[in-house]
Amino acid sequence: MEMAARFEQVSEHQFLNDWTKAMGGDGQAAKAVYASLRIPERATAGSAGYDFFAPVDFTLLPGCSVRLPTGIRVKIREGWLLAIFPRSGLGFKYRLQLDNTVGIVDSDYYGADNEGHIQIQMTNCNPDKPLSVKAGEGFAQGIFLPFGLAEGDAADGMRHGGFGSTTPRE
């Protein structure tokens with residue numbers, strides 16, 4: 001099996017900055033969350049997906065959303081990407097959906113100004129059931145995929161920012 005990437009934690013400084021923006025709270029609590037972060041891992045030898053673990057307990061009421069800074073970044077070999085999806089069981093039972101439908105992490109995101117910090121925003125689309133996830137439980141999964149290029153491709157731009165940073169601006 002070809003190794004496509006390596007997961008790492010972002011710096012504590014980057015995590016605290018992103019955590020405070022997304023979740024609020026004080027720096028001491030965020031430091032404790034940072035210290036307990038888990039690197040994504042596969043559950044079985046046959047699993048395609050690397051589970052992303054909840055950094056804190058959270059409950060999503062029906063129709064509500066949350067943005068979770070994971071504290072994780074990934075160094076991906078050129079020609080590969082990381083696709084992020086909700087865990088299958090959560091999608092089935094709660095209609096949990098990522099707000100961007102599928103998260104795509106490009107290989108050059110690792111060097112972005114935000115250190116390539118993977119943040120996952122999701123919504124409980126179930127009309128009746130609240131979704132509760134405990135700290136340390138898997139809530140999303142990432143799958144590495146190879147990709148190809150079209151003939152005549154001449155992309156030469158450089159990434160600087162995070163979400164949506166490759167979208168041209170007017």
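## Basis of the model

Because the model is predicted, local features are given only where pLDDT is at least 70 and side-chain atom pairs only at pLDDT 80 or more, whereas totals for chains, interfaces and linings use all residues. Residues are numbered from 1 along each chain as its sequence is written, and side-chain values use heavy atoms, with hydrogens and water left out.

## Overall fold

The protein chain holds three helices and ten strands, taken as DSSP runs numbered from the N terminus (helices H or I, at least four residues; strands E, at least two). From the N terminus on, these elements follow the order β-α-α-β-β-β-β-α-β-β-β-β-β. The radius of gyration is 16 Å, close to the 15 Å of the globule rule for 170 residues, so the protein chain is as compact as a globular protein of that length; the radius is taken over C-alpha atoms, and the rule is 2.2 Å times the number of residues to the power 0.38.

Of the 170 residues in the protein chain, 41% are buried, meaning under 20% relative accessible area with a 1.4 Å probe, protein chains only.

Four strands form an open sheet in the order 2-10-5-7, with antiparallel pairing, where two strands pair if DSSP finds at least two bridges between them. Strand 2 (50–53) and strand 7 (103–105) stand at the edges with a single partner strand each, so one side of each is left without a neighbour in the sheet.

Within this sheet, strand 5 (residues 80–86) and strand 10 (residues 138–146) pair in the antiparallel sense over seven bridges, and the bridge partner of I84 in strand 10 is G142.

Notes
Buried means under 20% relative accessible area, exposed over 50%, partly exposed in between (1.4 Å probe, protein chains only).
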